[in-house]
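Biologist: Please put the model up. I have some questions about it.

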Amino acid sequence: MDMGQRAAGTERIYLSDVEPHAAAPIDRASDLRSRVLLHVLFADTLLIGDSQGLNNRYFRALVDAEEARKVRWSPGTAALSDFGALLEAGRLRVALRAGGTLHRISDGHRAEGVENAPDVPYVERLTGVSSAHTVPYDGSAVAAAFKSGVLTRIEAAERDFAGSAREALEAARAWVSEQDPLLYKQLRDWLAGYRSARPGGSAELVLVLQSVDDWAGESYRRALPQALGVGMAGPRDGEGTIPVFRSRRLVEYAGFPAVMLDNLLLSQLPVEVVFEAIEQPSRVALVAELGRLRRGIQPDTAVLRSAVDEFSSWTLEAFERTFRRVGGLAWEHLRGEVRLMRFGLDEDPVAGRLGAGLEVVSPATDGVRDLSLHVVNGPGAAGPDPQRRAQPRPLCELDPFERVVTL
């Protein structure tokens, strides 16, 4: 079978959880590295926002060796700062507001007191490796999408509260409505000021103010991919995928080598192996079929099965070849046991949705976490999903190892 025959256009995916804010569940550069590389393997182009590329200290560590010395890495792992090659090749791209530069954006962040703003040498480094392949976006459109998302979430919640909590939501809605543009940091500052002015506030008031912060974070990470019209990758919220009780499994294949979902191995995988992997015809076919599914087009299950089989076998051979030479913790982990994964394709006939997933069948005996990858399209012609929650769970409550790519 010619793995390169079917295509559904370039699969551009925005990585939405490279946030510099404290709520983002990232505490080691090695964990972020594995997530980024997983999505690089399953996209034609992976995008990050300009603010994220600048202000996330863990991402900076993956680009610059000097920055790598400032952050935590998982015990026993090497500090690999080789993402510059991915940026120079355009496999990883910075979404840059139109008419702006990374220097001007960073200068503005420092003037506003934004947390974790980088030093000038890093800004120069990121500019040098990313400038040939940046993806421009309309800052006004992103700001409008962010503001609209915040207001929608506040308005949907107002009817569920009374008393001081309801008053806080009304005040927040009024303040947000007046902002043009609405800036995330200013909203968080307003929330902090509102909270500090009411030190004896009820538990419900504290909860609702935190909820507004969470809703703003969710709207913030969705605004840019919405404006660009690209897919979004992030932690999987089970409420946003196909409900188990309505799911109809179309196909399931098992017994594939699982190294491509191994968090430790991906965190230590050199980028030259990644470049080799993305050229494999089986990977190209797999990304194309998953892209079709994300857009609501029925994928070819025979192509999917062959692609998963061939690409997982190739990755096992490539990982063994690489880590046998490198040695260390990754090689000890890889040769310690045979790990298998399964691929499943599901349908929700009520909402007209499709979902696919790659999951490891059994956990590692040495306690190393695995990643999972799910791809889900939005509600189809059958109408909106009545079971979908109006408010997604906040990012800090989601498992960052369970990944989902969706509209």
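Biologist: Where is Val338 found?

Modeller: This is a predicted model, in which local features need pLDDT of at least 70, side-chain atom pairs count only at pLDDT 80 or more, and totals for chains, interfaces and linings use all residues. Residues are numbered from 1 along each chain as its sequence is written, and side-chain values use heavy atoms, with hydrogens and water left out. Helices (H or I, at least four residues) and strands (E, at least two) are DSSP runs, numbered from the N terminus. Val338 is found in the loop between helix 16 (328-334) and strand 7 (340-348).

Biologist: Does Val338 count as buried or exposed?

Modeller: Buried means under 20% relative accessible area, exposed over 50%, and partly exposed in between (1.4 Å probe, protein chains only). Val338 has 74% relative accessibility, so Val338 counts as exposed.

Biologist: Strand 2 and strand 3 pair over how many bridges?

Modeller: Strand 2 covers residues 45-49, and strand 3 covers residues 92-97. Leu46 has Leu92 in strand 3 as its bridge partner. The two strands pair in the parallel sense, and the count of bridges is four.

Biologist: Which residues is His39 in contact with, leaving aside neighbours within four places in sequence?

Modeller: His39 sits in helix 1 (residues 29-41). His39 is buried because its relative accessible area is 2%. Contact means heavy atoms within 4.5 Å. With neighbours within four places in sequence left aside, the contacts of His39 are Leu15, Leu46, Ala233, Leu373, Arg403 and Val405.

Biologist: What is omega for the peptide bond from Asp180 to Pro181?

Modeller: Most peptide bonds are trans. The bond from Asp180 to Pro181 is cis. Pro181 is in the loop between helix 9 (163-178) and helix 10 (184-196). Omega is near 5°.

Biologist: What is phi of Asn116?

Modeller: Most residues other than glycine have a negative phi. Asn116 lies in the loop between helix 6 (102-112) and helix 7 (120-130). Asn116 counts as partly exposed, at 27% relative accessibility. Phi of Asn116 is positive, near 65°.

Methods
Two strands pair if DSSP finds at least two bridges between them.
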